[in-house]
Amino acid sequence: MATYLEFIQQNEERDGVRFSWNVWPSSRLEATRMVVPLACLLTPLKERLDLPPVQYEPVLCSRPTCKAVLNPLCQVDYRAKLWACNFCFQRNQFPPAYAGISEVNQPAELMPQFSTIEYIVQRGPQTPLIFLYVVDTCLEEEDLQALKESLQMSLSLLPADALVGLITFGRMVQVHELSCEGISKSYVFRGTKDLTAKQIQDMLGLSRPAVPIQQGRPLQTPEQPVISSRFLQPVHKIDMNLTDLLGELQRDPWPVTQGKRPLRSTGVALSIAVGLLEGTFPNTGARIMLFTGGPPTQGPGMVVGDELKTPIRSWHDIEKDNARFMKKATKHYETLANRTAANGHCIDIYACALDQTGLLEMKCCANLTGGQMVMGDSFNTSLFKQTFQRVFNKGFNGEFRMAFGASLDVKTSRELKIAGAIGPCISLNAKGPCVSENELGIGGTSQWKICSLDPSTTLAIYFEVVNQHNAPIPQGGRGAVQFVTQYQHSSTQKRIRVTTIARNWADAQSQLQHIEAAFDQEAAAVLMARLGVYRAESEEGPDVLRWLDRQLIRLCQKFGQYNKDDPNSFRLSESFSLYPQFMFHLRRSPFLQVFNNSPDESSYYRHHFARQDLTQSLIMIQPILYAYSFHGPPEPVLLDSSSILPDRILLMDTFFQIVIYLGETIAQWQKAGYQDMPEYENFKHLLQAPLDDAQEILQTRFPMPRYIHTEHGGSQARFLLSKVNPSQTHNNLYAWGQVS
Amino acid sequence: MSVNQQAHTGPPYGQPQPGYQGYQQPAYGGQPLPAVPQSQYGAYNGPMPGYQQPVPPQGYFPSLGFPSKGSPVSLNSDTSLAPNFIGSLRAPPTSGAPPPASGASLPSGHLAYSQFGHGDVQNGIPASAAPMQRPPASQPFLPGSAPTPVSQTSTFQQYGHPPASVQQLSNHMAGMTIGSTTASAPPPAGLGYGPPTSVPPVSGSFSATGSGLYTPYTASQGPPPTSVSQGLPLAQPPFPGQPISTQRLPTQVPGFAPPPSSTGIGLSSYPPTTGAPRPPTMPGPPLPGQTLAGPPASQPNHVSSPPPPPSTMAGPHPGPPMSGLHGPPPPTHPPQPGYQMQQNGSFGQVRGPQPNYGGAYPGTPNYGSQPGPPPPPKRLDPDSIPSPQLNELPPQQKPRHRIDPDAIPSPIQVIEDDRSNRGSEPFVTGVRGQVPPLVTTNFLVKDQGNASPRYIRCTSYNIPCTSDMAKQSQVPLAAVIKPLATLPPEETLPYLVDHGESGPVRCNRCKAYMCPFMQFIEGGRRFQCCFCSCVTEVPPHYFQHLDHTGKRVDFYDRPELSLGSYEFLATVDYCKNNKFPTPPAFIFMIDVSYNAMKSGLVRLICEELKSLLDYLPREGNMEESAIRVGFVTYNKVLHFYNVKSSLAQPQMMVVSDVADMFVPLLDGFLVNVNESRTVIASLLDQIPEMFADTRETETVFAPVIQAGLEALKAAECAGKLFIFHTSLPIAEAPGKLKNRDDKKLINTDKEKTLFQPQTSFYNNLAKDCVAQGCCVDLFLFPNQYLDVATLGVVTYQTGGSIYKYAYFQLETDQDRFLNDLRRDVQKEVGFDAVMRVRTSTGIRATDFFGAFYMSNTTDVEMAGLDCDKTITVEFKHDDKLSEDSGALLQCALLYTSCAGQRRLRIHNLSLNCCTQLADLYRNCETDTLINYLAKYAYRGVLSSPVKTVRDALINQCAQILACYRKNCASPSSAGQLILPECMKLLPVYLNCVLKSDVLQPGPEVTTDDRAYIRQLVTSMDVAETNVFFYPRLLPLTKADVDSDSLPAAIRNSEERLSKGDIYLLENGLNIFVWVGVNVQQGLIQNLFGVSSFSQISNALSTLPVLENPFSKKVRSIIDMLQVQRSRYMKLIIVKQEDKLEMLFKHFLVEDKSLSGGASYVDFLCHMHKEIRQLLS
């Protein structure tokens, strides 16, 4: 272990885990004084090319309250064929299959390099993946057309045996029956009426299996698929039908008079989609994909009335408590989200409209179920089209980069307790000895459900050191944490991934420098940011900022070196040096600042912030700025207005936007057409370089960022200008410019 | 009827008359002779004026007038009418016995009759000796026909002719007297009675005979039989008979006098004449007093019954023959009739008196009344009467129990008479207060300022001036309005008047529309409203100068000034939301539950719709219908279909949220048939396939209507839903019903609940439907109880129609259903209609019956109104009317035509007003009255026990008749049943109403049937109620295969059926073909294509198409009948002595019904009793 940096990187690559502290303060008191809590970012399904899953069941600790999985940290008595659980110290017999075990013949899970291991287990019937499209038809004609094409295209990307369903909505909600030939059938629901799951199932005729049973026809097995298949059909069977059906989709025919919004029953549509899946395929991987082009305007979950003269709520309205539909709508969607999550399904929201679409109210649908949230201006943009296409991207092994119905179980050694998690998950309310009473994020449990996740989905998990100060940990003692993630793989296999990590304890008083050195400021920044954003959801913005500031001050106070009353004497060690900068940008970020953002945008940004991995999160907190010039190779530059120079091309990546900004001179050159002149081929290359880099980013980013190509003085330049540190402004440009 | 008879009688009597002439001349001269024309009404009318002129008439006039109206068959309370007639007949004989008899017989040329006649005459002569008469009667009968009743009838038929002659005789008075003499003569009354009695009876009988052959016969027979029976049965035929007859005669005589008015005009006329003369003789009275008293009591009924027939013509002659006939029948008929007879006799008198005497001859009245009354009062009760009678003529009376069915007023006869009298001339509506021909008569109408009777018929065309009078008479004042009635091609549809943007000209105050009765004043600058007398400025654009008569110069150019019916084009002010309506829509809503699929119904409907959609109603000459169509199928959930023309395939949209119905689509649900033809065809092809495997048995109902309603709302148009439904809606949904059928409730206070809807849900729904103009037509195919009473609520209140096909089977019922469906889809219909009836100050419309909804007390709202729907409106006085100005009605119907045009249809009708009750009774229409009474009663069952309703009905009719008896026919004995001529069928029709399934269900009648019938009747017009309550019975074997005409109908009684014949009975819903066991094989072969009676299948729903004249004829008759009715009637083959015969017999309404309904005769007696109780 050369440096902590390498160690951290190794750990992240192997286990997908990054702790804020890699050496743990050994007592509760000390830990709290560290300001940044002991926490980690966990990417449960981090892609590991070198991790072939094993095809057997994990061996579990036999203590009912523990059930930890056998791991390399366990002590094994090869003779007695016993192993001791490193969490509860229970001694367990190996199962019979492990009879041949010995020091030289170890199962994979005992090998140190397999601190993360994945099991494939055979449990229950395998059900195909389910994709239920919920499509808004109150769209402009070309938008609808584009959406239809995207949907049709998506059919070709789905696995052949996946089940698809289609619900369309406008003033009414239509559930399309896909099994019939000839006449196309759909079940129609009023868009203004909330229905219970039972009612929905009755109305869709899904509760009928009961009847045949009563009649003494025990054909439930064949019956079940028959019933559900009316609405959910294997792609390969009905892709032609569905393609036609999508092709024939018309805009919502109900007249919209001038000055009105179209009546859009998003709330009911979602409710029906949820009810449909709930009744037919509970606890199996399913995506409800909502495509909406505007705010819900009627029924439960309505966000705004249909009068155009009443604008949709703004932050201002919300602060003034003027958003009359918000609470009710939010409650509706929360209820739905919880039901969906309980069933292990997820809701994706693709909202494409110039105005807000109610993401603020609907955000929980995606947040709680692990669904995607995509916001665009129109379905007829490459942003949406490519993003949507990317949903069905396949990983290196030809599998979809999506997994379903995961449950994450965290086990800790007894010095630690679990304070909570922040991410696209819900609590499973598993109380246990290792659950802390202090909650950070979604707490009070040691298990969470993540209904949908992809290899980059990252949760922040917060711990609490509970070891009392007067009960020192023996020298060399290590604290351990085990993450057990059970999920449905996109191949429909059930898998269990187990990651077990251990860190050294250190006495914060005597070994502070160890702890300090093992500080992961990037992870810490993201973890703190998540906490801040999480708080911002429920607290007033200024409070959160104040809290963040105080934390930063306390941290600096704790780890900085300075002379009193001498600002210039302030020094932070290398492992802390970037942290304040992150906090600075975090304060200005749209995750905490709502100014200039609509409530929908804030929700959108926060949604993504809460699920992306560390790298992406950092980009979100502090956008990356690259400079391209004739003066050297591309280089990252400060996110500062001083970086904007006439002879530079800047490439800014804020995660949500990629901005290419041509400096004043460069722009003039380009206008003059130098790039087309053979003698200025280098200029052409210069112009091309940021484009290529941007393309590279675009290739991998999900969702597709907004791609902005602008120049000095261009209106779109605001995207850049709003991000950079305004060290130079119209007020001080002259003076500071002179200085620098 | 009587008229004709009279005409005939004229000559024969003429001879006898001489003697009487003196008397007769006045009366006869006026009536009979002039009457010669035959048509009773015509005659009367004629007579009125004509007679009036004659001096005598004046005196008589009143009487005449009365008579004409009064012709009422007067029955003695207790028993049969026939006797009276007979009596009368005989009576005549007494006076002019020989002549009349001979005359009667002669005319007919039937020896038998003549013989009888002779017999009678002889009897008559001998009359003094009661026995004599009867024997003769019996004798004649015997000879004339076989003693058996049947034969009698036949014989009577033969007599029929004679009757005619008889009538003439009666007319002549001589005959009358003779008749009377014979009849009465023999009896004690002897001469005294003879004259009076004889005369009237004769006339009555004669007139009767005069009309139809058969009918006359029957009539004549009727009376005869009764009389005969009575006579014979009574004291040895001769005595009792005679006495009775005599009595009757006497009574009749008086009656006859009146009869003229009532029964046989001739009679009445005679009576007067006779009366005149007789009065002097007076003996009549005394006799009546004595004999009558005796007899009347016992015989009253008989008497009464006879009188009517006599009136019908046959009366007189029959009388004689009858008497002869009676001889034989008597045996069959026991004593009681006898009593009745007597009573009848009295009735006869009564009648006589009523018409003629009432006014003209006080003297006569006295005769009639004095003598008559005293006795009757004493013997008012049949029971009490018997005793006296018994005392007098115990034997006879008892045997006479029976009233001769032929002697009582015959609907057939009345119909035939009216047909022959009034069918030839067009009915011109120019004159105020004209009574139109009967609904059974084919006639043309010329609109000259009053609405055609096809649009409006009234119970009376002469309205009492004061409410006191109206209350006294108890005659309901009602109009039966059929605003969109279909006219025969020869008549022109109402003209459409377009007044442009300013809209129709209306009275400023009452808002009545411009009509021919408006008075233009001040040179045409203003007009005075004929309803409220308010003066309104004539709008400048409407101004026109007046000619010297005060008429506008453009009188003939403007339909609204010269016609009774016309239409205005409505302006936007008359439209909902001030927007012109869009064309209406038809939505077909098909039950696709298991039951419907299994029976093949769905496939059938779909197949039919494919072609039927090309025949949607269209306006005028439009190339294609403006009506759009939509389709819904349903079981527990609803399936809407998008059939937009741009689609390759229809789309189905399922709405399972039945608790909160809505329409899932807008565009593409209601489409133009031509544009979406292929998609619709594809849909109709696929519907049966899609649900072929359905196992869904539960259905919803209210949501279906709601769906249609919502669809129309969304499309902002009015329209009609065609719902094809099979079962009780038990699926969980609004309007869910439970099976509450419980026959145990029948005849309890809770019976009314069977007619009430289970839940008020449907009432509210109906209200919504009406507000939107959503009319619901319901086709039901139940295999069990489905609660028509509840399901029909919406249909009923929206002006829709219900069709019910119980146990629907494709093979047997599809023709009927498809024909109904076709007709229902194609028929003219208006939407979103509001009707208001305005009246002259003094009366106002107070009550409405029919299929509609009313949100206030004046406006009748109908979501849809088709050409068959009828609204009955009742009027009450709120002030006095004046005879000068009469009473005016204006019915204004605002509706949307099938092309979406908003229009106003106006019907105007002017009625006379009267200060004399007699005028009221003279201008009544029984058919309309029955229409009103039935609707009134059928509504009553919703709130009162059926028994109460029945009693109220009887009571009201008794009051009507008693009032007449008391005020217009005073001079007769109370024991006499005297019916106003215009109402002589009231008892028989009323009995039919009382016996109908709704008011008196048989065990086989289901609750649904009753509710169904109740609703059907409520929107029936007069013609429909007429045939529904008194079915038409046609002897097919008597049909003339070479002519287009229908065979003459016969009366609805089993006695009239011959084992050797085939009959057809229709009541507007069913057609029965009854085959007697002895029908010739050839006929069976020709008609059914099988070789023997036993091979006839009664499962046939149509007659086989065979190429022979008889088959063709029968089928053409059936086709003709089907065309006449608004519903396709179900054809049922009934073999005599087969199971189904029970069902068939149910429709023989003159007979006692199995469910306890009284026979005509019994009921008549009952009525008489009631009347007498009222009078006492």
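**View 1. The span of residues 634-720 of chain A in the predicted model.**

View 2. Leaving aside residues up to four places away in sequence, A:Asn92 touches A:Cys61, A:Ser62, A:Arg63, A:Lys81, A:Leu82, A:Trp83 and A:Cys85. With one of these, A:Ser62, the contact is polar and runs from side chain to side chain at 2.5 Å. A:Val76, 16 residues from A:Asn92 in sequence, is 9.4 Å from A:Asn92 in space, C-alpha to C-alpha.

**View 3. The interface of chain B and chain A.** About 2000 Å² of area is buried between chain B and chain A, and carbon and sulfur atoms give 56% of this area. Chain B brings 25 residues to the contact, and chain A brings 20 residues.

**View 4. Polar and charged pairs between chain B and chain A, with the side of chain B that touches chain A.** Across the interface there are 3 salt bridges, among them that of B:Asp660 with A:Lys193, in which the closest N and O atoms are 3.9 Å apart. Residue pairs in polar contact between the two chains number 10, counting pairs with both residues at pLDDT 80 or more. On the side of chain B that touches chain A, the elements giving two or more residues are strand E14 (651-655) and helix H36 (677-690) of chain B, and E14(B) gives the most, with 5 residues. By class, this side of chain B has 17 nonpolar, 4 polar and 4 charged residues.

Technical notes: Residues are numbered from 1 along each chain as its sequence is written. Chains are lettered from A and ligands numbered from 1 in the order in which they are written. This is a predicted model: local features need pLDDT of at least 70, side-chain atom pairs count only at pLDDT 80 or more; totals for chains, interfaces and linings use all residues. Side-chain values use heavy atoms; hydrogens and water are left out. Helices (H or I, at least four residues) and strands (E, at least two) are DSSP runs, numbered from the N terminus. Contact means heavy atoms within 4.5 Å. A polar contact is a pair of N or O atoms within 3.5 Å; within protein, one must be able to donate a hydrogen and the other to accept it, and residues adjacent in sequence count only if both atoms are side-chain atoms. Buried area is the accessible area (1.4 Å probe) that two parts lose on being put together, summed over both. A salt bridge is a side-chain nitrogen of Lys or Arg within 4 Å of a carboxyl oxygen of Asp or Glu. Ala, Val, Leu, Ile, Met, Phe, Trp, Tyr, Cys and Pro count as nonpolar, Asp, Glu, Lys and Arg as charged, and the others, Gly among them, as polar.
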